[in-house]
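Visitor: Hi there! Please walk me through this one, a bit at a time.

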Number of protein chains: 2
Amino acid sequence: MRLSEGVEWTAHCAVLMAALPPGVSLSAKRLAEFHGVPGPYLAKSLQALMRAGIVESSPGRHGGYRLARPAADITLLEVVLAVEGNEPFFRCTDIRRRGPAGGPAKAYSSTCGVAAAMWRAEEAWRSELEKTTIGSLMELVFAQVPAESLDRGAKWLTSVVITRR
Amino acid sequence: MRLSEGVEWTAHCAVLMAALPPGVSLSAKRLAEFHGVPGPYLAKSLQALMRAGIVESSPGRHGGYRLARPAADITLLEVVLAVEGNEPFFRCTDIRRRGPAGGPAKAYSSTCGVAAAMWRAEEAWRSELEKTTIGSLMELVFAQVPAESLDRGAKWLTSVVITRR
């Protein structure tokens, strides 16, 4: 079981967008360029963030994506579910009701213990991802980036926002 | 992202095996029959449980699968990982090092904050699944099964173990 690459890409895009100066947007192409990922695939994931109300797009030549809400209010869980969908990992097909010992649904008063345990684990996964916000990730990730990289990143941003956009 | 059906099947098989009288095994075919699932696919998942040391097989005409260890010592996590593999959900491709701001690996002193947050969530998922044993699930699942179903299950078991095996 593996999360799609879009999860990593969009989490980093959201972190970058959290660091943008007010009023600045970045196109899918620029976001792909900054992260060294394929533009068309990234565009699809960014559309998913837009449908989830995490980013918004400004139209026109100078348009692009930016966060739709304060970074401190957007959780990593929201980003992951926007890309991966909100389906549970575990799907219960109620196999306890099949076979020679099976019975009608109404005879079972509670959720199957196997499914309940699997869903408790998913809840723990979600709960942990909900504790991390894009705002806190932005602070952390930027604190981890070497000074030289920060400098190159800032120069690139200036060049695409002022000159190349 | 979805876990394979084999997770549900093998968890229920392990629960049933936990309830078998000492010395009794069930073939893949019988385990499939009891759970109303396709035999050839289930056989593959049972092989995965065997490779993981969760079940063992007794050879011969009357042979079959049984738990290799006490049910109270087998966690649900072990069963899930046996079927799904031990790979993390999130794969970090270190995209912070790509693009115009990227730098050499040695310039980054710590795990990327995005990956660290994703892996904390997986650890929470694993930790929750580790709290549940096949022994506790067996008690719970059997307590949930209607008396009539338990009775039919016991009759089926007697028929396959004594008569049909």
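Guide: Happy to, starting with α4(B): seven of its nine residues are buried, so the rest of the structure largely encloses this helix. Buried means under 20% relative accessible area, exposed over 50%, and partly exposed in between, with a 1.4 Å probe and protein chains only. Helices (H or I, at least four residues) and strands (E, at least two) are DSSP runs, numbered from the N terminus. Bear in mind that this is a predicted model, where local features need pLDDT of at least 70 and side-chain atom pairs count only at pLDDT 80 or more, while totals for chains, interfaces and linings use all residues. As for bookkeeping, residues are numbered from 1 along each chain as its sequence is written, chains are lettered from A and ligands numbered from 1 in the order in which they are written, and side-chain values use heavy atoms, leaving out hydrogens and water.

Visitor: Which residues of α4(B) are buried, and what covers them?

Guide: They are Leu76(B), Leu77(B), Val79(B), Val80(B), Leu81(B), Ala82(B) and Glu84(B). Their cover includes α5 of chain A, along with α1, α3, α5 and α6 of chain B. Contact here means heavy atoms within 4.5 Å.

Visitor: What does Leu81(B) touch?

Guide: Leaving aside residues up to four places away in sequence, Leu81(B) touches Asn86(B), Trp125(B) and Arg126(B). Leu81(B) counts as buried at 17% relative accessibility. Just after α4(B), Gly85(B) has a positive phi of about 90 degrees.

Visitor: Where does a residue other than glycine have a positive phi?

Guide: Asp94(B) is one of them, with phi near 55 degrees. Asp94(B) sits in the loop between α4 (76-84) and α5 (113-130) of chain B. In chain A, Asp94(A) has a positive phi of about 50 degrees, and its place is the loop between α4 (76-84) and α5 (113-130) of that chain. Most residues other than glycine have a negative phi.

Visitor: Is Asp94(A) buried, partly exposed or exposed?

Guide: Asp94(A) is partly exposed, at 21% relative accessible area.

Visitor: New topic: what rotation superposes chain B on chain A?

Guide: A rotation of 180 degrees, with 0.0 Å of shift along its axis and an RMSD of 0.0 Å. The two copies are thus related as by a two-fold rotation axis. The superposition is by least squares on the C-alpha atoms of residues with pLDDT of at least 70 in both copies.

Visitor: And through what surface do the copies meet?

Guide: They meet through the same surface, because 100% of the interface residues of chain B are also interface residues in chain A. Leu3(B) gives a close-up: it touches Met1(A), Phe89(A), Phe90(A) and Met118(A), as well as Val80(B), Glu84(B) and Trp125(B), not counting residues up to four places away in sequence. Leu3(B) lies in the segment before α1 of chain B and counts as buried at 6% relative accessibility.

Visitor: What does Ser149(A) touch?

Guide: Ser149(A), in helix α7 (residues 147-164) of chain A, touches Ala101(B), Gly102(B), Gly103(B) and Tyr108(B), again not counting residues up to four places away in sequence. At 3% relative accessibility, Ser149(A) is buried.

Visitor: Back to helices. What do the buried residues of α5(A) pack against?

Guide: They pack against α4 of chain A together with α1, α4, α5 and α6 (134-144) of chain B. Among those buried residues are Met118(A), Trp125(A) and Arg126(A). The end C-alpha atoms of α5(A) are 25 Å apart, which agrees with the 26 Å that its 18 residues should span at 1.5 Å a residue. The expected span is 1.5 Å times one less than the number of residues.

Visitor: How many residues of α1(B) are buried?

Guide: 12 of its 14 residues are buried, so to speak a mostly covered helix. Those buried include Trp9(B), His12(B) and Cys13(B).

Visitor: Last one: at what angle do α2(B) and α3(B) pack?

Guide: Helix α2 (residues 28-35) and helix α3 (residues 39-51) of chain B pack at about 115 degrees, with axes 9 Å apart. Axes are lines fitted to C-alpha atoms, for helices over the stretch in contact, and angles run from 0 to 180 degrees between N-to-C directions. The contact is made by Ala28(B), Leu31(B) and Ala32(B) of α2(B) with Gly39(B), Leu42(B), Ala43(B) and Leu46(B) of α3(B).
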